[in-house]
Amino acid sequence: MTQANQVIDIHSHFFPPITQAEAAALDKHKAPWLRVEDNGHGMIMTGDQPFRPVYSALWDPARRVEEMDRSGVDVQLMCATPVMFGYSYPIGLALPWAERMNDYALELCAHNPQRLKALAQVPLQDIDAACREASRAKANGHVGVQIGNHLGNLDLDDEGLLRFLAHCAHDGIPLLVHPWDMMGGDARMKKWMLPWLVAMPAETQLGILSLIMSGAFERLPESLKICFAHGGGSFAFLLGRVENAWHQRDIVRENCPQPPSSYVKRFYVDSAVFDQRALGLLVDVMGEQRVMLGSDYPYPLGEQEVGKLIRDSDFSAQRRARLLGGNASEFFGI
């Protein structure tokens, strides 16, 4: 059931109150857990190492809803902070971890199930288990699944990952693809948050192009609902470069029978681009029906006043309504 003029933020993160003991069941040296402080702040830890400072909206649904009210957000979709994915662990450890994180997500949503929705995580290192967990999560109330844009050196055109995408298409499970484990390494991405500023957009574009250039979209069902976070990364700005390469070089056309621009209709992106000119280009490239509000809340690099970029645009009221919630309502069925 959909509702007119809802504001729906499809890209926000949570991190449940995982204890160090609970994390140790996955990996006592590196698994993530939450150290909560008395002042409404905390620290995501990986083993004994600080990973990221955070505040209580990440694990407190009441505070989350209060901040949604201030930003004029009606519904927010919560998904795992990528450090929670657990893709590197044996499936005997990773599956119960994913199940517990997904149950945690629904526990947080139970505070206000009309306004808080969850996207599940799955253990992609075992495709059969990932398919089962995606379907279990859907049956339990998750409105979709979030996955990373790659699994080690395997991009989304990997046959196993394509089998997972096809399963989600056949089972009616929408997907949000989030960049993670960014390229470049410590030697080149030294500081200044360069992995987030340079590698993250590149990772997202790589995920999209791996499906386009490999011909994967030719083989995947058109019923697949797949959205790429962070505005699709550098894809919209560089599509002209990719298109030119396709026309000029046969090695680019080798597995991609149609011009790259023709596959834009096969996926969606969120609006987390933080600049009116970028948003305008994104909508021009993707079409107004394939861009959805996404904030990356509640992290500092996310949109601090959720929806402001779209609300302040010079788009028509009809287009703003589509971007703020209409498209998401159709995509996720909420």
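Predicted model: local features only at pLDDT ≥ 70, side-chain atom pairs only at ≥ 80, totals over all residues.

Visitor: What is the radius of gyration of the protein chain?
Guide: The protein chain has 13 helices and 11 strands, where helices (H or I, at least four residues) and strands (E, at least two) are DSSP runs numbered from the N terminus. The radius of gyration is taken over C-alpha atoms, and the globule rule is 2.2 Å times the number of residues to the power 0.38. For 334 residues that rule gives 20 Å, and the chain comes close to it, so it is as compact as a globular protein of that length, with a radius of gyration of 19 Å.

Visitor: Which strands stand at the edges of the open sheet of 3 strands?
Guide: The order of this sheet is S2-S3-S4, with antiparallel pairing, and two strands pair if DSSP finds at least two bridges between them. Each edge strand has a single partner strand, so one side of it is left without a neighbour in the sheet, and these strands are S2 (32–36) and S4 (49–55).

Visitor: Over how many bridges do S3 and S4 pair?
Guide: S2 and S3 pair in the antiparallel sense over 5 bridges, to begin with the other partner of S3. On the S4 side, His-41 has Tyr-55 as its bridge partner. Strand S3 (residues 41–46) and S4 are also antiparallel, and their bridges number 6.

Visitor: How many of the 6 residues of S3 are buried?
Guide: Buried means under 20% relative accessible area, with a 1.4 Å probe and protein chains only. In the protein chain, 56% of the 334 residues count as buried. S3 is mostly covered, and its buried residues number 5.

Visitor: How many residues has the largest nonpolar core?
Guide: A nonpolar core is a set of buried Ala, Val, Leu, Ile, Met, Phe, Trp, Tyr and Cys residues joined through side-chain atoms within 4.5 Å. Phe-164 and Ile-147 are among the residues with the most contacts inside the largest core, whose residues number 94.

Visitor: How many residues are in the second, separate core?
Guide: Ile-10, Leu-119, Val-143 and Leu-176 are included in this second core, whose residues number 15.

Key. Residues numbered from 1 in each chain as written. Heavy atoms only, no water. Buried < 20%, exposed > 50% of the residue type's maximum accessible area, 1.4 Å probe, protein only.
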